[in-house]
Amino acid sequence: MRRSHQPDQEVTTFNWHVIKMLVPYLLEFKLRIGLALLCLILTKIASVYLPFILKDIVDILDTQQDNRIYLVPFALVAAYGVVRLAIVLFAEIRDTLFGRVTERAIRRIGLKVFKHLHQLDLDFHLNRQTGGLSRDIDRGTSGISFLMRFMVFSVVPTLIEIVMVVSILFVNYGIWFAVITLASIVFYVVYSVYATNWRTKYIRAANKADSSSNTRAIDSLLNYETVKYFTNEAYEASAYDNQLADWEKAKMQNRLSLFALNGGQAVIISMSMTAMLALAAYEVTHENMTLGDFVLINAFMMQLFIPLGFLGFVYREIKGSLANIEQMFTLMAKKAKIEDAENATELTLAKGDISFQGIHFAYQEERQIIKDLSFKVPAGHKVAVVGESGSGKSTLVKLLFRFYDAQQGEITIDGQKINAVTQHSLRKNIGIVPQDTVLFNESLFENIRYGNTDATQAEVNEAIKLAHLSAFVESLPKGVETVVGERGLKLSGGEKQRVAIARTILKNPAILVFDEATSSLDSHSEQAILKAIKEVAQNHTSLVIAHRLSTIIDADNIIVLHQGELVEQGNHKTLLSNESYYYRMWMLQQNNTN
Ligand SMILES: Nc1ncnc2c1ncn2[C@@H]1O[C@H](COP(=O)(O)OP(=O)(O)O)[C@@H](O)[C@H]1O
Ligand SMILES: [Mg+2]
């Protein structure tokens, strides 16, 4: 299994509409947001005020050479310390306040996506790649967190600061200082955005090389046994090293492009700093400005350009985050193909009569699977469906559970069309032991109790006994607490099927469906299970899909499917005397003594 990975998508434009979609989730804590913004403004006022204190200190130190009043400069230095502390404190308070807002939004959105995914149809889930899906969600939620951090804590404060500083420079020192600052910032921003866009391809190449080498390594380790069987360790190592070499090269190009970006930024910063300080020095020598003013201007410049240094990175991250969030929202916008009818009612079960009427069904238009199929499962009866593999037996179960809608015909339960009742009430009333049972990677106990999450310990134990699992459970060192491994891979097929039977016993629905429920069992345990099934199925309507005909001899009616068509029906005896499909299948299986 080679895992494919999605290429990072091209991010060219800013998706402003994503922010609009996010806003409702952020408004849950209005007071918090208000306070956080207040802190933000306070931080900025304090940090713009700081250079003024510095200026006063320098000016006083400069003018009072023989002054004995030491107190004033020291008071100012103390004030400088206090304001600096205030800046950090306000910023911390702001982060703390806002963190909660972000996390709540992530929680709300995460839950919404999760619920939505469970609501989508089986077809969607069969076609998706779970790995890719969970990466989309991961990247979407961390995108929200990034976006908030960079927008609220980096871009907006920097903008506020730029406006304040440029106005102060303009008012206090005239137009030229303001113009130089503004021009260099504009130049700097344009350059950063441009250079960042240019180097995106190198970053992407490096990321891609990183994940392909990772994928290669993981895949190789997953196939550990195959590698050993074919003694291909050296082959695997050289394939991995090739990937690593690509990664190394991509990383180098990436670093060079970063050097170009940072170098260019440094040139712009140095030039504008020099211009500002030269202008300030000129004004000082002509006594239009004090030494303190010179220091103040230097401090302003430093303060402005430090946050701007991150601009390229922040710009790229925000763009990437917006694209990731959008991807997640796209997932939420996906509509389920199977939905409850607008006026759907609850299924009310009287006796459990099932009827399939003129069903035509195809997964894909070109390939008809079920053709004009009609049959009934009268309440309390056991009806079996047999037919070769691929004849559409499991498909009937999927239609009954309404994982798909038939293109023609209708299925009714006690006279109610299954697409007129809610999916929840429909599925609640049907129990199934599926062909392939997949388990959660939890304890055996939890897996069995999944049939009824409210069941007591005693009820679970009873179900274990009825499903003939007791001996197996007792043989396990950890008993019912044994963890079954991913998808239940640590259990044998037969054990998994018995877990599925135990689950269904706990669910205790009126209608039971067994889809080749005993196919993975040896004849001995099969007999035991069949007995259990018989006990459980008593007084229930049951639809039994069987591969081994010997297991359904006692069925009230047997439906024989051939390529999606009903070709024969009747009980075991009549079907044998027909000497047709069923008879041939029966003879074949008798000879194979399975
Ligand atoms: N989700 C699906 N999409 C397309 N074809 C499918 C899908 N599921 C099953 N099929 C096809 O439908 C046919 C009937 O499948 P199924 O009902 O599982 O057969 P069986 O009688 O062995 O249970 C098979 O040929 C199978 O390949
Ligand atoms: Mg099947």
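Colleague: Hi! Is asparagine 508 buried, partly exposed or exposed?
Modeller: Asparagine 508 is partly exposed, because 15 other C-beta atoms lie within 10 Å. With C-beta atoms placed from the backbone, a residue is buried if 20 or more others lie within 10 Å of its own, exposed if 12 or fewer, and partly exposed in between.

Colleague: And where does asparagine 508 lie?
Modeller: Asparagine 508 is in the loop between helix 16 (493-507) and strand 7 (511-515). Helices (H or I, at least four residues) and strands (E, at least two) are DSSP runs, numbered from the N terminus. The phi of asparagine 508 is near 50°, a positive value in a residue other than glycine.

Colleague: What about glutamate 579, what is its phi?
Modeller: Glutamate 579 has a positive phi of about 50°, and it is not a glycine either. It lies in the loop between helix 18 (572-578) and helix 19 (581-592). Glutamate 579 is exposed, because 11 other C-beta atoms lie within 10 Å.

Colleague: Thanks! How is the numbering done, and what kind of model is this?
Modeller: Residues are numbered from 1 along each chain as its sequence is written, while chains are lettered from A and ligands numbered from 1 in the order in which they are written. This is a predicted model, where local features need pLDDT of at least 70 and side-chain atom pairs count only at pLDDT 80 or more, while totals for chains, interfaces and linings use all residues.

Colleague: What is the mean pLDDT?
Modeller: The mean is 87, and 96% of the residues reach 70 or more. pLDDT is the predictor's confidence in each residue, from 0 to 100. Over residues 1-11 it stays under 50.

Colleague: New topic: which residues are around ligand 1?
Modeller: Among them are Leu126, Tyr363, Ile369, Lys393 and Thr395. A residue is near a molecule if its C-beta atom, placed from the backbone, lies within 6 Å of it. Helix 11 (residues 393-400) gives the largest share of this shell, three residues.

Colleague: Last one: which domains is the protein divided into?
Modeller: There is domain 1 (16-333) and domain 2 (354-592), with bounds from an automatic or database domain assignment. Their centres, taken over C-alpha atoms, are 57 Å apart.

Colleague: How many helices and strands are there?
Modeller: The protein has 19 helices and ten strands. Its C-alpha atoms fill a box of roughly 125 × 55 × 50 Å along the principal axes, and 27% of its 594 residues count as buried.

Note on methods:
Contact = placed C-beta atoms within 7 Å.
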